[in-house]
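Please keep the sequence and the structure open alongside it.

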Amino acid sequence: MTPLTIILLLTAVITCQAFNLKTTRADFPKINLQRHNGTDPNLAYSPPVYPSPWMDPEANGWQEAYAKARDFVSQLTLPEKVNLTTGVGWMGERCVGNVGSIPRMGLRGLCMQDGPLGIRFKDYATAFPVGMTAAASWSRNLWRDRGKRLGRTHYQSGVDVQLGPAAGPLGRNPTGGRNWEGFSVDPYLSGIAFADVITGIQSEGVVATAKHWLGNEQERFRQAGEARGYGFNISESMSTNMDDKTLHEVYAWPFQDAVHAGVGAFMCSYQQLNNSYGCQNSKLMNGILKDEYGFQGFVMSDWQAQHAGVSTAAAGLDMTMPGDTTFNSGLSFWGGNLTLAVVNGTVPEWRIDDMAMRIMAAFFKVGRTVGNQPEINFSSWTQDTFGPANMAAGENIEQINYHVDVREDHAYHVRESGAKGTVILKNNGVLPLKKPKFIAVVGEDAGPNSHGPNGCSDRGCADGTLAMGWGSGSVEFPYLVTPDSAIQAQALQDGSRYESILDNYDWEKISQLVARPNATAIVFAYAGAGEGYINVEGNEGDRQNMTLWRSGNELIKNISAINPNTVVVLHTMGPVEVDEWYDNPNVTAILWAGAPGQESGNSLVDILYGKQSPGRTVFTWGRAHEDYGVDWLREANNGNGAPQDDFEEGAFIDYRHFDRDYPPGSEKAPIYEFGYGLSWSTFDFSNLQVEKRNVQPYKPTTGQTIAAPVLGNFSTDLADYTFPSDVRYLYQFIYPWLNTSSSGEEASADPHYGQTAEEFLPPGATDGSPQLRHPASGPNGGNSQLWDIVYTITATVTNTGSVMDDAIPQLYLSHGGEGEPVRVLRGFERVERINPGESRTVRMELTRRDISNWDTVSQNWVVTPFEKTIWVGSSSRNLALSSVLP
Ligand code: NOJ
């Protein structure tokens, strides 16, 4: 044991519970909710999977990027490689995350910027609809277009890596705080939207980030520190506990699509999964993501989600964000500590090389070139034109905001996506509006924020119409077209009389207004949600309940009691309780618009007046919150240890749960089922045809990987890594260098004092020899045969009504066998502009993965022997056609 080895052990901060268990990667351990006799026999457990897989030079779609990355990384010094992996610290530079630069090679430090619906903190940029509204259009054209436009927005601002899109949370909990950032609680729908948006972003030269991997389904307890701030005395973040089958078939499913689409980056999550932190969970990162799914890009931590040094590197983390241990601590688990750990051999050289390779390969894959990165033309920390380029240090005052307008013509997309993602839940014939004589708009949710559209930081308040959620997934509105202004503009054009009252509590005036003759009352109500660091009126991210805010329910009931033509418009981040009024005959129409972004009012007018075709709901509308069978964990249930959230319902969330427990006609059957939505016309489905395709039988993957490549030499003399004398130290900035070249003896207090790397790390972690391939593995999302098309399904959709309209046929499948959902979504298409009387053929394809189940024993996808039925129709409960798969 050299003194060098000793000091590195001090730097390796260890908290992972799974580390001393003797399992290697070749054993393909399965996650099981059964309790393990490891550190705590009562807790769900995540098995260790080591070593961390290195890139595959032959991976489809990555070969060229690999070669370029190899050429680049081979020329780097160790501190330069470390610079790629470690953020410069919170507010160290202009983006929400920046890694160190490599000036010698002409690489400016990569800029990582939120988020899923636009570019956070930048002026003159577009506020797109939230993911959930975008999803409700069921339009792949719009999703790809969204991706491209988001990509361009980021590219033109100088962003290298966009921190989005999101498919986790998936939306298990109907009131989960960040469900809106993703697409839908259905993994299939979510996966396709996710992949389409990623493809679009990356086609514009920006790396997309699939987040959050995995199980971040609620805000409360996601970070122990944040939870303590809310008065919960817990020492560790919560653990989301799920079994291996549910993980593969539900929560990880869209992420597999992301890998298949070639996504460049993943973000690991704050909370633990099966009692191992997301950013040091070797089963999740090494095992499922990099081995089984063959992910070739890099994994970055969520902000402050890294809790250990060497062990996170061994578990598959490639980049730490924002680089400091906690915001502005000036300390890092990596940076100089990673340099040291590589020099003394705790982190094998091949691992740091692989980290650098993955980051640079993602960069090259999207078409970026070194020396040619667009300028970062904004600062996340101020909108002032001049200010410190290094905000945390307050140094280097210069022009940091160039106020570049990156909006192009995205407003057209936003308006169309907001309209096509608006769902008509009820319409007694009042819609589309035709020059109504008198429109009376009521509700705060129709009007402006009294402090301006960006009046609350990160949109964290309830004031005026809800067009976005709050938190890091928000952006600055360049303007916000309120429903009040847009409907008024249309009313004036039509010669309608128009009045609005935007105060929910001015009942005296409201009742007088809506009681007047000929009043078409349009009542607005909302329910917001967001990220856990902001508490909006008692909602600490997650919604406390499923009721409308600001007495919206009472408002609707009171108005519809006196007005016989009450149109309800809902801006909500998921389902709300509508049971008390939805079937009141005076409620003549109900619309859900989610959160439509900057063109909110215009999108709504396009639907209210029938200028655009509406969408279909991407979640179930149950009668009551309790009927969903799940809820976010509200109490710390494990003393001051990590709260435990067991996903005991497995796959049975949203419609899978309702279909099993509340069939049609039962008391708790949903009011509006998943996939439902009215359109302007009526459609008939006929002529279902199933063609079985001739594909090779599925072969589990065999063979071995190459040995881990090592790219270049490095000195083992600590003196070569001390802070260079010609660099000025910036306060709180994270560097790759060491403070001292002395090995020090203070390490003796460390419990790992004296251990070698092999003793200190879990078995196999330092092994760079060729590894057995996982049977379900393959580059680009797993065994390539999973993507074979095994059935082609066609059906005819006919417009039987009298107006041109879009139909959204949906295909559902039952896998058969015990314990399986009644049916799951496996195909859909938005068929646009079908003329009255016209028929169109829709064609949907089933891949092998679509008809398979995850087998926990063979650790592979299998087509079970049970009869499989498919249905085609207009929603999950309105399925006109069916057939058994031959
Ligand atoms: C935390 C959020 O969870 C993540 O989604 C976001 O990208 C980072 N903060 C950076 O703002």
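How many salt bridges does the count come to? The count comes to 55 salt bridges, a salt bridge being a side-chain nitrogen of Lys or Arg within 4 Å of a carboxyl oxygen of Asp or Glu.

This is a predicted model, in which local features need pLDDT of at least 70 and side-chain atom pairs count only at pLDDT 80 or more, while totals for chains, interfaces and linings use all residues. Residues are numbered from 1 along each chain as its sequence is written, and side-chain values use heavy atoms, with hydrogens and water left out.

1. The pair R368 and D160. The side chains of R368 and D160 form a salt bridge with an N to O distance of 2.5 Å. R368 is in the loop between helix 13 and strand 10 (386-390), and D160 is in the loop between helix 5 (140-157) and strand 3 (161-163); the pair links distant parts of the chain, 208 residues apart. Helices (H or I, at least four residues) and strands (E, at least two) are DSSP runs, numbered from the N terminus. R368 is buried at a relative accessible area of 5%, and D160 is buried at 1%. Here buried means under 20% relative accessible area, exposed over 50%, and partly exposed in between (1.4 Å probe, protein chains only).

2. The pair R516 and E499. A salt bridge joins the side chains of R516 and E499 (3.8 Å, N to O). R516 lies in the loop between helix 16 (507-515) and strand 15 (519-527), whereas E499 belongs to strand 14 (residues 497-501), 17 residues apart. R516 is partly exposed, with 32% relative accessibility, and E499 is partly exposed at 29%.

3. The pair R550 and E537. The side chains of R550 and E537 meet in a salt bridge at 2.2 Å, N to O. Both R550 and E537 lie in the loop between strand 15 and helix 17 (552-562), so the pair ties together parts that are 13 residues apart in sequence. E537 is partly exposed, with a relative accessible area of 49%.

4. A network. Which residues are linked in a network of salt bridges? The network links R178, E181, E219, R222, E226 and E531.

5. Helix 2 against helix 13. The axes of helix 2 (residues 63-73) and helix 13 (residues 349-365) come within 8 Å and cross at roughly 130 degrees. Axes are lines fitted to C-alpha atoms, for helices over the stretch in contact, and angles run from 0 to 180 degrees between N-to-C directions. Helix 2 and helix 13 are therefore oblique to each other; angles under 35 degrees count as roughly parallel, over 145 as roughly antiparallel, 65 to 115 as roughly perpendicular and the rest as oblique. On the side of helix 2, the contact is made by A65, Y66, K68, A69, R70, F72 and V73, and on the side of helix 13 by D353, A356, M357, M360, A361, F364 and K365. Contact means heavy atoms within 4.5 Å. By class, this contact has 10 nonpolar, no polar and four charged residues, where Ala, Val, Leu, Ile, Met, Phe, Trp, Tyr, Cys and Pro count as nonpolar, Asp, Glu, Lys and Arg as charged, and the others, Gly among them, as polar.

6. Helix 8. Helix 8 (residues 244-251) is mostly covered, with seven of its eight residues buried. The buried residues are D244, T246, L247, H248, E249, V250 and Y251. They pack against several elements, including helix 6 (187-203), helix 9 (253-260) and helix 10 (282-292).

7. Backbone points to check. Most residues other than glycine have a negative phi, and most peptide bonds are trans. A cis peptide bond joins G164 and P165, with omega about 5 degrees; P165 is in the loop between strand 3 and helix 6. The bond from M321 to P322 is also cis, with omega near -5 degrees, and P322 lies in the loop between helix 11 (310-315) and helix 12 (336-343). N275, a residue other than glycine, has a positive phi near 65 degrees and is buried, with a relative accessible area of 8%. D458 is not a glycine either, yet its phi is positive at about 50 degrees; D458 is buried at 10% relative accessibility.
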